[in-house]
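Here are my notes on the model. They take the form of numbered points, to be read with the coordinates open.

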Amino acid sequence: MEFDDSLSHSMDDFGESPKDLEIPESLPMMAVRDVVVFNYMIIPLFVGRPGSVEAVNEAANSNKLLMLVTQKDATKDEPDEEDLYKVGMVSMIMRTLKLPDGRLKVLVQALSKAKIRAIQQKEPYYKVDIDLLEEPETTEVSVETEALMRTVREQTEKIMSLRGILSSDLMMIINNIEEPGRLADLVGSNLRLKIAESQQILEMIDPVERLRLVAELLGKELEVSTVQAKIQSDAKEEMSKSQREYFLREQMQALKRELGDEDSYSQEIEELHKDLKKKKMPKYAKKEARKQLKRLEMMHPDASEATIVRTYLDWFLDLPWKDASRDRLSLKVAAGVLDKDHYGLDKIKERILEYLAVRKLNKSTKGPIICFVGPPGVGKTSLGQAIAKAMGRKFYRLSLGGMRDEAEIRGHRRTYIGALPGRILQGLKTTETNNPVFMMDEIDKVGDDYRGDPSSALLEVLDPEQNSTFSDHYMNLPFDLSKVMFITTANRSDTIPRPLLDRMEVIHLSGYTLEEKKVIARRYLLPRQITENGIKARQIKLGDQMLETVISQYTHEAGVRNLERALGKICRKIARKVAEGGKGPYAVSENTLPKYLGPPKYLPEAELDTSSQPGLVVGLAWTEVGGELLHIETAVLPGKGKLILTGQLGDVMKESAQAALSYCRSRKDELGMDAEYFDSIDIHIHVPAGAIPKDGPSAGITMTTALFSAISGKAVKKQFAMTGEVTLRGRVLPIGGLKDKALAALRAGITNIIIPHENEKDLVEIPEELRGKITFYPVKHMDEVIKLTLGKIRKNNRKKKTETETI
């Protein structure tokens, strides 16, 4: 129960408590908020809620006495017992007035301090039993108490003076009070204290201690009032200074006009009017620009906000609201440009030509949002430049790698100092068209932190249904991005947030074959390096055989980045000879190649010499840099049935090893082992390159084959590699990245690959010349893999099988 509001009271709202008034032990109670009622106080209250009205009516109809207590939380409309302070004031209702809205306006006078002993009832109003708190009488005022009272009077006078509310009448009332308790109550009620602090004063019975507490709080309030007065004074002085400078500048402008000097600011405003009139933009944008220009006209040119508005208007004029480049819609010309700059990549070229064909038939079609996913060095970024060139559009590249601030995409709000639009609108300003080819590199490496999540901001940018009304925080107006052709790149798609990936058309770029690399090196890489190193084509002779040697023995990658570095190194060596006076031509041969590039880095055949040992199987893995060979080594040792896994394997690979072991145990009869055999050995599976984390399910059949090979003592056939997930029952499940894995096998000289039967449909994605060099074996069950790689398993006795296999 509480009253709804309270009227403010002044220091003369304190009266004399009626003498010899008998106060009963039980009284109606009303809770008040935002105010603590002190002794002798006369205060008007507005009473609005039913329980409070009932309590007032009950008191008015009996002895006019009412217990007032303050509630702890002023926001509670129906306070419980624990929400009320126990100490309050017994007050007398002096006057009541019923208002038209049903509320009561009550004038009450505090009579005596009391404490709630018990609550008799809560409905329809609170009724409580109370104990009166008698205040000890001060017979004589000590010197210390007198000094304390003078201190309180002086501090009160200073505070009122600082607040500008000092009056002789108020000070006369304060100076005439000789009782320390009454002085404490009078001053404490006007200190603007928190409710808890005021209640602390009220509950303190000893008058001198109460006065000492008030003096302490007065000291704090005096410090605050002093600082507040200083701030107001400084602000007033600064305002006066600004007004004076304004008048002086206006006088200077008037003098310049009298002298005939040019008013550069007026000319600038006039130029903005002309530029805004000529600029093509939507109606809502032009309306906002005119509004801001009108504000700028009313400002002083040296005002700080004028610079902000001027910069904002510049962005209105610089953004290509309706400025678009004309598309080259000739499919033949576009195809020629794409073929000239890039070899292969038929699927991507076909998609671009399809878009141009649709654009030719439907001018209003929206720009596609394409995501190139592939290993480094396969030409994702350069392909975006070629697409822009083929279409006759401007090209802009934005790197998203490591971006963590959402404002990089959406911009900063203009309230911040140095605010700018996001990188999207900055890119459009740079290209000066609203339909460029906009490439966002490394979208799979976007981060997030306390400054926001850029990938979430990209959801609007890369959504064809939303980006026509993209809103940048700085411009705070819709901007149409639907005509922009967005192209994103990534090394892998699993790290891209799913909602973002769903908005993009994903095109996978696999690594290049040996033949493709030879063509790319001959057409693009070598001529570029010859030009960059300042030599002539006739000064270097690099035959196809030597070029193939450079590719296979000095690079090991899905793309061609390291290949270009190797060719650049050869060209630099020759450039030095030419610079020293040599004329050439210089032939790259088997004898000179190690002088240019050093000894060969990769010898695939040497890597496979160990494949004739039992327990060693070659698997195929996919990484974000392309396909890789995975050598699985297995050893069978005397032990107690432990499975040891090393090589920094991930959880999925560990589970594949467990599944492989369970499958082998289920085939103990085919292996010629009794039931206790696996309890008498330890199996150690190791994947080399232990410093590199490895994970994924596609090594399942490789691990299972390695276990069979180690237990049976039979080596896997040479020139075999495999990939596929295995189940407990031996089923072989499909995997991804088949083309990249096939390329990795071919680079290592492996010509036989075992794949899941369900991946047979993916062979059409592999180039025909690659399929002609590799024999693929689709399998449905692990038994087929064992038959292909190990042949018929010869049953062996247990004694032989518990001997240690050495890898």
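In which hand does α24 pass α27? The crossing is right-handed. The points below start with confidence and then return to this pair.

1. **Confidence.** This is a predicted model. The chain has a mean pLDDT of 83. Of its residues, 91% reach 70 or more. Strand β4 (residues 65-70) has the highest confidence, at 93. Strand β1 (residues 5-6) has the lowest, at a mean of 36.

2. Where pLDDT is low, the predicted coordinates should not be read in detail.

3. **α24 against α27.** Two packed helices are described by the angle between their axes and the distance between the axes. For helix α24 (residues 700-712) and helix α27 (residues 782-790), the axes come within 10 Å. They cross at roughly 55 degrees. The two helices are therefore oblique to each other. On the α24 side, the contacts come from I701, T704, T705, F708 and S709. On the α27 side, they come from M782, V785, I786, T789 and L790.

4. **α22 against α24.** Helix α24 has another partner to inspect. The axes of helix α22 (residues 651-666) and α24 come within 9 Å and cross at roughly 45 degrees. That makes α22 oblique to α24. This crossing is right-handed. From α22, the residues in contact are M653, S656, A657, A660, L661, Y663 and C664. They meet G700, M703, T704, L707 and F708 of α24. T704 and F708 are listed in the contacts with α22 and also in those with α27.

5. **α10, a two-sided helix.** What is buried in helix α10 (residues 331-341)? A334, A335, V337 and L338 are. Seen down the axis, the buried residues of α10 fall within an arc of 160 degrees, so they line one face. K332 and K340 are exposed on the other side. The buried residues pack against α11 (346-361) and α12 (380-391).

6. In helix α3 (residues 168-176), L170, M171 and I174 are buried. They cover an arc of only 95 degrees around the axis, which puts them on the same side of α3. The face turned away carries exposed S168, D169 and N176. The cover over the buried residues of α3 includes α2 (143-163) and α4 (180-188).

7. **α25, mostly covered.** Eight of the 10 residues in helix α25 (residues 738-747) are buried. These are L738, K739, D740, K741, A742, L743, A744 and A745. Just after α25, G749 takes a positive phi of about 85 degrees.

8. Most residues other than glycine have a negative phi, and most peptide bonds are trans. K64 has a phi near 65 degrees, a positive value in a residue other than glycine. K64 sits in the loop between α1 (50-61) and β4. At 38% relative accessibility, K64 counts as partly exposed. Q719 also has a positive phi, of about 65 degrees, and is not a glycine. Its loop runs between α24 and β21 (720-722). Q719 is partly exposed, at 26% relative accessibility.

9. **A cis peptide.** Which peptide bond is cis, with omega near 0 degrees? The bond from E123 to P124 is. P124 lies in the loop between β6 (104-121) and β7 (126-132).

10. **K283.** This residue belongs to helix α8 (residues 283-298). Is K283 buried or exposed? With a relative accessible area of 79%, K283 is exposed. K283 and L547 are 264 residues apart along the chain. Their C-alpha atoms are separated by 61 Å.

Key
Residues numbered from 1 in each chain as written. Predicted model: local features only at pLDDT ≥ 70, side-chain atom pairs only at ≥ 80, totals over all residues. Heavy atoms only, no water. Buried < 20%, exposed > 50% of the residue type's maximum accessible area, 1.4 Å probe, protein only. Helix = DSSP H or I, 4+ residues; strand = E, 2+ residues; numbered from the N terminus. Arc of directions from axis to C-beta. Contact = heavy atoms within 4.5 Å. pLDDT = per-residue confidence, 0-100. Axes fitted to C-alpha atoms, helices over the stretch in contact; angles between N-to-C directions. Parallel < 35°, antiparallel > 145°, perpendicular 65-115°, else oblique. Left-handed = near helix turned anticlockwise from the far one by under 90°.
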